[in-house]
Amino acid sequence: MAKKLIARAAQEGIVHIESESSFDVVVVGGGIAGCCAAIEATRAGASVCLASASGVFSGSSFYPGTWGLGLIGPRDTDDIDDMVETILHVGRGAANAALVDSFVRGIPEAIAALEAMGVSLKRPANPDEPQYIPCFDHSLRMWRGLERASMERGFGRALCEGGVVRFDGCELLDIAMDDGRARGALFFDRSAKRFRAVSCGAIVLAGGGVAGLYKRSLSASGNSATVQAIAARCGARLVNLEFMQIMPGLVAPRRNIVFNEKAFRFARAWDASGEPIARDVLEARSEHGPFSCERAGAPLDFAMEACGDEGMEIACDVGDGSPEFVRTFSEWLERECGVSASAPVRIAPYAHASNGGIAIDEHGSCGVPGLFAAGECTGGMHGADRIGGLASANALVFGRRAGVAAAKFARGFVGECAGGGANARSETPGFASVGTLASGCGLDVGSCRDSDAEGIATKSDSRNGHCAGGSRFRSRCGSVSFEVEERAFPASGAALRELRETMSTHCMISRDADGLKAAANAISALQERVGEAAYAPVASFGSESEPASELMSASGLAPSSSLCSDAASIAATMRIRLQLETASATVAAMLARKESCGSHYRSDAVQ
């Protein structure tokens with residue numbers, strides 16, 4: 001009977017996928033925020049699945065093209081109020097004051113929890129050096145360096161001890177909603193080339209920012225910029241998307257490597273016409289990594305952008321008397337990348353990290369029952385500019401909180417963690433609501449059932465070979481089903497390249513109304529092409545002797561090699577539609593904010 005139902009759906013171009021497993025909490029994203037959320041959810045008694053497109057220990061947190069990763073916090077209790085006021089000042093009115101206050105007060109506890117997990121944090125040998133003043137800040141803060149190897153050991157041990165089941169190589173494509181509540185997730189398993197549906201009591205999104213929409217990006221390869229659109233479809237709010245960090249990075253002799261801004265003070269650089277950059281501009285630009293139109297070093301970024309893809313030539317004079325920060329970078333660059341710090345290199349602007357995203361409250365709630373978020377995909381705790389070291393702190397603080405709140409919600413302890421705080425925020429220019437995003441993408445959410453199902457955290461994920469401890473609690477989430485259209489857009493890769501070219505041309509450092517409108521029109525045209533004109537049934541999804549309906553089981557398994565490749569095409573179509581929706585919301589936010597403000601520069605702004 002089930003096979004006949006599947007066959008009838010397939011004849012209509014639809015494949016029905018039932019959830020194959022059930023958890024209390026599903027966490028999406030393998031960076032700091034995702035790992036913290038998964039660990040804390042298990043400690044709160046939940047059965048947890050951690051899914052990541054690039055695998056655990058990924059995301060911007062573990063990006064290999066940077067010399068180091070640090071986080072900051074208040075020096076002591078007397079420093080808390082000043083740090084809060086500074087973040088709000090740097091944010092230029094775009095940050096949420098209550099969220100910022102809660103954020104800063106939570107940093108010391110989050111750092112202590114990290115060290116209790118066995119993670120070694122680096123401390124500066126000369127903490128009073130002015131080079132340790134964070135970007136855009138005016139005062140020295142408590143600074144700690146994050147060492148990847150130690151983090152991987154500490155997080156790995158905690159994930160294993162908590163019995164977290166890992167879905168490595170699985171990207172989120174949609175969320176099942178039941179009566180306004182998040183109840184399940186649909187993933188595409190990139191390794192097995194099949195869809196996997198999971199039912200759950202709550203979901204934590206920690207899938208990174210929007211840098212993946214640009215052709216030059218200092219972010220992990222798995223950053224597809226889709227979770228923003230997925231959250232908006234569920235009813236979450238997107239805020240401050242126009243504020244994105246744009247960083248200088250190497251394009252020659254190596255690419256995709258972050259350039260340490262402190263080295264500008266010891267550098268010589270030349271613009272596109274070969275003229276040297278003024279010494280005072282280089283000095284000013286050494287005070288912050290990301291571009292800001294409100295700082296005296298901005299002319300260097302404009303000159304760097306004018307050099308195009310070839311990049312700006314720059315040479316650093318680093319010696320034994322240079323500050324610790326600069327020496328550490330130079331040694332790393334030569335040791336790990338084979339690039340001499342004293343040899344000329346070329347740098348260009350790169351899309352780096354988002355300052356805005358899914359609006360959350362202090363518990364990580366998105367204002368949608370059962371839906372939480374943390375890390376770079378969120379907004380509200382930063383603004384126009386972001387103080388250096390707060391991205392990692394953000395991931396730690398809200399990753400932990402979202403994990404706890406999601407576990408409580410999933411297990412029935414709704415209370416304050418169910419939240420609506422994100423929706424209580426005052427409107428700010430550049431906010432994009434769910435109404436501005438197109439719905440659909442060849443995916444219709446089926447009905448959800450209320451029957452209980454045992455979580456499977458008592459089993460190991462044999463496909464990935466990752467450990468899983470015993471599940472102590474019964475999942476209360478039941479099961480969900482999805483319907484996926486059995487068709488695919490044949491040129492998703494080309495569409496993504498065109499999207500990245502559009503975003504890089506009109507939405508990097510210099511923006512104006514004409515360029516942003518051109519970007520909006522180009523994105524709209526791409527959406528029409530993907531959604532209508534060239535969108536055709538997949539010819540090889542099955543065969544006359546072995547139709548697709550016989551090949552795909554109710555759980556979404558794909559034993560056929562031909563089906564595997566076509567499942568990947570369907571997933572790529574769903575992915576590009578989400579990316580276009582996130583890009584559309586981002587451009588809309590840039591158009592809505594007509595004034596220049598921090599990382600958002602409008603060359604046509606009235607001064």
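# Salt bridges, rings and cores

Mentor: Start with a charged pair: D81 and R105 meet through their side chains in a salt bridge, 3.3 Å from N to O. That pair links distant parts of the chain, with D81 in helix α3 and R105 in helix α4 (residues 97-116), 24 residues apart. Helices (H or I, at least four residues) and strands (E, at least two) are DSSP runs, numbered from the N terminus. The model is predicted: local features need pLDDT of at least 70, side-chain atom pairs count only at pLDDT 80 or more, while totals for chains, interfaces and linings use all residues. Residues are numbered from 1 along each chain as its sequence is written, and side-chain values use heavy atoms, with hydrogens and water left out.

Trainee: What is a salt bridge here, and how many does a search of the whole structure find?

Mentor: It is a side-chain nitrogen of Lys or Arg within 4 Å of a carboxyl oxygen of Asp or Glu. The whole structure has 33 of them. One joins R141 to D79 at 2.7 Å, N to O. Here R141 sits in the loop between β4 (121-122) and β5 (142-146), and D79 in the loop between β3 (69-73) and α3 (80-90), 62 residues apart.

Trainee: Are R141 and D79 buried or exposed?

Mentor: Buried means under 20% relative accessible area, exposed over 50%, partly exposed in between (1.4 Å probe, protein chains only). Both R141 and D79 are buried. By contrast, D81 is partly exposed at 45%, and R105 is partly exposed at 45% too.

Trainee: Which parts of the chain does the pair of E171 and R575 link?

Mentor: E171 is in strand β7 and R575 in helix α14 (residues 561-592), 404 residues apart. Their side chains form a salt bridge at 2.4 Å, N to O. E171 is buried, with a relative accessible area of 3%. R575 counts as buried at 18%. Elsewhere, salt bridges with shared partners join R75, D79, D82, D137 and R141 into one network.

Trainee: How far from R511 is the nearest side chain of opposite charge?

Mentor: Lys and Arg count as positive and Asp and Glu as negative; His and the chain ends are not counted. For R511, that nearest side chain is E242, 7.3 Å away. R511 is buried yet has no salt bridge. The residue is in strand β23 (residues 510-511). Contact means heavy atoms within 4.5 Å. Leaving aside neighbours within four places in sequence, the contacts of R511 include E242, H506, M590, Y601 and D604.

Trainee: How many aromatic pairs are there?

Mentor: Nine. Rings of Phe, Tyr and Trp (its six-membered ring) pair if their centres lie within 6.5 Å; planes under 30 degrees apart count as stacked, over 60 as edge-to-face and the rest as tilted. Take F23 and F167: centres 6.2 Å apart, planes at 85 degrees, so the pair is edge-to-face. F23 lies in strand β1 (residues 14-28) and F167 in strand β6 (residues 165-168), so the pair ties together parts 144 residues apart in sequence. F167 also pairs edge-to-face with F187, at 6.5 Å centre to centre and 85 degrees between the planes. F187 is in strand β8 (residues 181-189). F23, F167 and F187 form one aromatic cluster. F23 is buried at 0%, F167 at 1% and F187 at 0%.

Trainee: How many residues does the largest nonpolar core have?

Mentor: In soluble globular proteins, nonpolar side chains tend to be buried together. A nonpolar core is a set of buried Ala, Val, Leu, Ile, Met, Phe, Trp, Tyr and Cys residues joined through side-chain atoms within 4.5 Å. The largest has 118 residues, and V25, F155, F195, I203 and L205 have the most contacts inside it. Helix α10 (residues 390-410) gives the most to this core, with twelve residues. Apart from this core lies another of 30 residues, among them V210, C293, A519 and V587.

Trainee: Which peptide bond is cis?

Mentor: Most residues other than glycine have a negative phi, and most peptide bonds are trans. The bond from A252 to P253 is cis, with omega near 5 degrees. P253 is in the loop between β11 (244-252) and β12 (257-258). N256 is in the loop between β11 and β12, with a positive phi near 60 degrees. D179 has a positive phi of about 55 degrees although it is not a glycine. D179 is exposed, at 78% relative accessible area.
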